Amino acid sequence: MVGNGKLGRWRFSLRSSAAPAKKSEKTKPLVEFICPISGLLMLEPVVVSSGQTFEKTSVDVCKDLKFVPILADGSRPDFSTVIPNLALKKAIHSWCMSTGADLPRDVDYSSIEVSVRRMMASSTQIEGDSRFRDSETNLLKGMAEKPPVILTHAATELNPRSIPHHHHFYSSSSEESVLANVPDTPPLPFVTRPSCYSSSPSASTSSEIVVDETPDPNSSTSDEQHFASKLQSPDIFEQEQCVISLRKVTRTDEELRVSLCTPRLLSALRQCLHSRYATVQTNAVAALVNLSLENANKLKIVRSGIVPPLIDVLKAGVSESQEHAAGALFSLALEEENKTAIGVLGALQPLLHALHSDSERTRNDSALALYHLSLKQSNRVKLVKLGAVSTLLTMLETGLAGRVLLVLCNLAASNEGKSSLLDSNAVECLFRKLRTENVNSDESTRENCVACLYSLSHGSMRFKGLARAARGAEVLRVVEENGSERAREKAKRMLMMLRERDEAGESVDWDAILEGGVSQTLFRGSSTQF
């Protein structure tokens, strides 16, 4: 029958077309799982210096061919540093297991090379435009600096306990300190928001008054499209209005912060960080601080490649932009998985330099960023090699002492940091500071001094000689008598240790040990070489 035949064919067609469509939809990987260069599911994903993730073989090929591709968002990645993206590798594996998709296969170098050479050939036409953009950039760089713009900072609201009555947006590091990696030392309450953030609408600044209207925060999808489009506008005034509006709507709306933090918006925001217009740059970094407050956004922001331009702002941006940049790095450093990446991307040296900034907010947030970053051993080693110990010790007599001591406590917990501290006369510096705080009765600073000395006292034969030279026993007795419970306990242990060695009648030439250098102060069993 003709009718039945047609019907049979139609039914067969439905069954044969529907099943594959469902399977295809089910096994379609996320865009983040695909290498932008090879177009394949990544086997060994790595994060490069600019923050993007690629298949390791793709990066190797590009480096061998000395080729830097132009990505979909118009940016060029920086392949100078490569670190494994273990979290993404695990996520890809879990997705394959849960969906039944094939696991990523070994990537053939030659096939990737073919793809990269095609990209090199197709990019030839773009070079002309690129040369024009480069010449335009050089022209802008050669122009005179803009007239100074007075910008009032969008102040940050911190934990109420750390807010002095006379200035609502400064925090007190001594009251919010955390003693990291110190034996028998539970963590204290700690601020988690940078000095440049404020949820108060009254904290608007002179850089925000030009906004005429704010998009409806109830429509997050349309807002994301609106902001991403306007941020890329060639009209600078339109950019200014958009970035100020973005800063406002992300100030208090937590849900909106999460919904707006998309790769497209972060890419547009990243370009604004390079702007030579102070209003655009300042409000872009301020908006980034707001977005970074949500834990769900911290990894996204770092992986979007926004850290390198953020570091550039900290180095050479206008004063208010630098304040926000330091605050953003502090906020992003709170995420455990970001700590190593931020250190690798080169933030440590600029943060150390920012400790000397004229801005108190920049100094405070830079110190807090260094504290959180120095919780990672790899960053401690980098800080020691950068000469951070001498820089930090010279700041013990400044108003930043409380935060500086937090970083020193972290460094003292590592072999490399302890050796550098002992060689830099840290014991005398810390006892001198402790003697001052015994008089001033700054309990938090005193606690941190004792904690740092306590870490230095472990495993070091030099410590007793250095403590004796600094007349440390008498300072510790004062702490033992009237210090806090935590400080008293550590002071008591150090005094017992010093007395035990005296009672044991050790025949030790302390003068020789003091002159012995690093080789006699390393931990027993340490294989670290300098």
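Author: Helices (H or I, at least four residues) and strands (E, at least two) are DSSP runs, numbered from the N terminus. The place of Gln 322 is in one such run, helix H13, which covers residues 319–333. The model is predicted, so local features need pLDDT of at least 70 and side-chain atom pairs count only at pLDDT 80 or more, while totals for chains, interfaces and linings use all residues. Residues are numbered from 1 along each chain as its sequence is written, and side-chain values use heavy atoms, with hydrogens and water left out.

Reader: What pLDDT does the protein chain average?

Author: The average is 75, and 70% of the residues score at least 70; pLDDT is the predictor's confidence in each residue, from 0 to 100. Over residues 5–25 the pLDDT is below 50, and this stretch has zero contacts in the model beyond near neighbours in sequence. Contact means heavy atoms within 4.5 Å. Residues 512–530 also stay under 50, but for them the model has 29 contacts beyond four places in sequence.

Reader: Why does Gln 322 count as buried?

Author: Buried means under 20% relative accessible area, exposed over 50%, and partly exposed in between (1.4 Å probe, protein chains only). Gln 322 has 18% relative accessibility and therefore counts as buried. Leaving aside residues up to four places away in sequence, Gln 322 touches Val 313, Leu 314, Lys 315, Ala 316, Gly 317 and Thr 362.

Reader: What makes Leu 231 count as buried?

Author: The relative accessibility of Leu 231 is 3%, so this residue counts as buried. Leu 231 is found in helix H6, residues 220–231. Its contacts beyond four places in sequence include Gln 239, Cys 242, Leu 265 and Cys 272. Leu 231 and Gln 271 are 40 residues apart in sequence, and their C-alpha atoms are 8.5 Å apart in space.

Reader: Why is Lys 66 called exposed?

Author: Lys 66 has a relative accessible area of 76%, and is therefore exposed. This residue lies in the loop between helix H2 (56–64) and strand E3 (82–84). The phi of Lys 66 is near 55°, a positive value in a residue other than glycine. Most residues other than glycine have a negative phi.

Reader: What makes Asn 425 partly exposed?

Author: Asn 425 has a relative accessible area of 35%, so it is partly exposed. The loop that holds Asn 425 runs between helix H20 (415–423) and helix H21 (426–440). Asn 425 has a positive phi of about 65°, although it is not a glycine.

Reader: How do you know that H11 and H14 are roughly parallel to each other?

Author: Helix H11 (residues 295–303) and helix H14 (residues 336–344) pack at about 25°, with axes 10 Å apart. Axes are lines fitted to C-alpha atoms, for helices over the stretch in contact, and angles run from 0 to 180 degrees between N-to-C directions. Angles under 35 degrees count as roughly parallel, over 145 as roughly antiparallel, 65 to 115 as roughly perpendicular and the rest as oblique. H11 and H14 are therefore roughly parallel. Their contact is made by Lys 298, Leu 299, Val 302 and Arg 303 of H11 and by Glu 337, Asn 338 and Ala 341 of H14.

Reader: What makes H16 roughly parallel to H19?

Author: The axes of helix H16 (residues 360–373) and helix H19 (residues 401–412) come within 9 Å and cross at roughly 15°. That makes H16 roughly parallel to H19. Among the residues in contact are Leu 368 and Tyr 371 of H16 and Leu 406 and Val 407 of H19.
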